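Please read them with the structure open.

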Amino acid sequence: MWFGLQVLRMEHVVLKVLRFEMGPTTPLTFLERFIRAAPADRRSLHLAQYLVELSMLLGERFIGYLPSDIAATAVCLSQYCLGLRVWVGLLHVSHTRART
């Protein structure tokens with residue numbers, strides 16, 4: 001059984017090993033994976049990237065959403081706006097796996 005102090009010490013060891021080089025998880029982290037899961041072309045990729053970047057600029061409005069939700073929504077919306085087929089089933093499976 002782990003105690004609070006042991007967990008904090010282990011966290012410190014892990015961060016030291018990583019040299020404290022950790023970055024935040026943003027919607028862009030998930031976007032590449034979701035673009036590969038959906039049958040997307042370059043236009044769809046660029047539109048999805050633009051939508052994700054807009055959500056990051058308007059952070060206050062989107063702060064309550066998970067980064068993976070924002071990325072999945074951007075992919076679906078870009079596909080829809082460009083008249084491409086939105087393969088929601090595959091995207092859902094990829095999104096569910098990304099959450100675990």
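In which hand does α2 pass α3?

1. The crossing of α2 past α3 is right-handed. A crossing is right-handed if the near helix is turned clockwise from the far one by less than a right angle, and left-handed if anticlockwise. This is a predicted model: local features need pLDDT of at least 70, side-chain atom pairs count only at pLDDT 80 or more, and totals for chains, interfaces and linings use all residues. Residues are numbered from 1 along each chain as its sequence is written, and side-chain values use heavy atoms, leaving out hydrogens and water.

2. Helix α2 covers residues 27–37 and helix α3 residues 42–57. They pack at an angle of about 160°, their axes 10 Å apart. The two are therefore roughly antiparallel (angle over 145 degrees). From α2, the contact (heavy atoms within 4.5 Å) uses P27, L28, L31 and I35. From α3 come S44, L45, A48, Q49, V52 and M56. Eight of the contact residues are nonpolar, two are polar and none is charged.

3. Helix α5 (residues 67–81) also packs against α2, at an angle of about 45° with the axes 8 Å apart.

4. On the α2 side, P27, F30, L31, F34 and I35 make the contact with α5. P67, S68, I70, A71, A72 and V75 of α5 meet them. The count is 10 nonpolar, one polar and no charged.

Notes. Axes are lines fitted to C-alpha atoms, for helices over the stretch in contact, and angles run from 0 to 180 degrees between N-to-C directions. Helices (H or I, at least four residues) and strands (E, at least two) are DSSP runs, numbered from the N terminus. Angles under 35 degrees count as roughly parallel, over 145 as roughly antiparallel, 65 to 115 as roughly perpendicular and the rest as oblique. Ala, Val, Leu, Ile, Met, Phe, Trp, Tyr, Cys and Pro count as nonpolar, Asp, Glu, Lys and Arg as charged, and the others, Gly among them, as polar.
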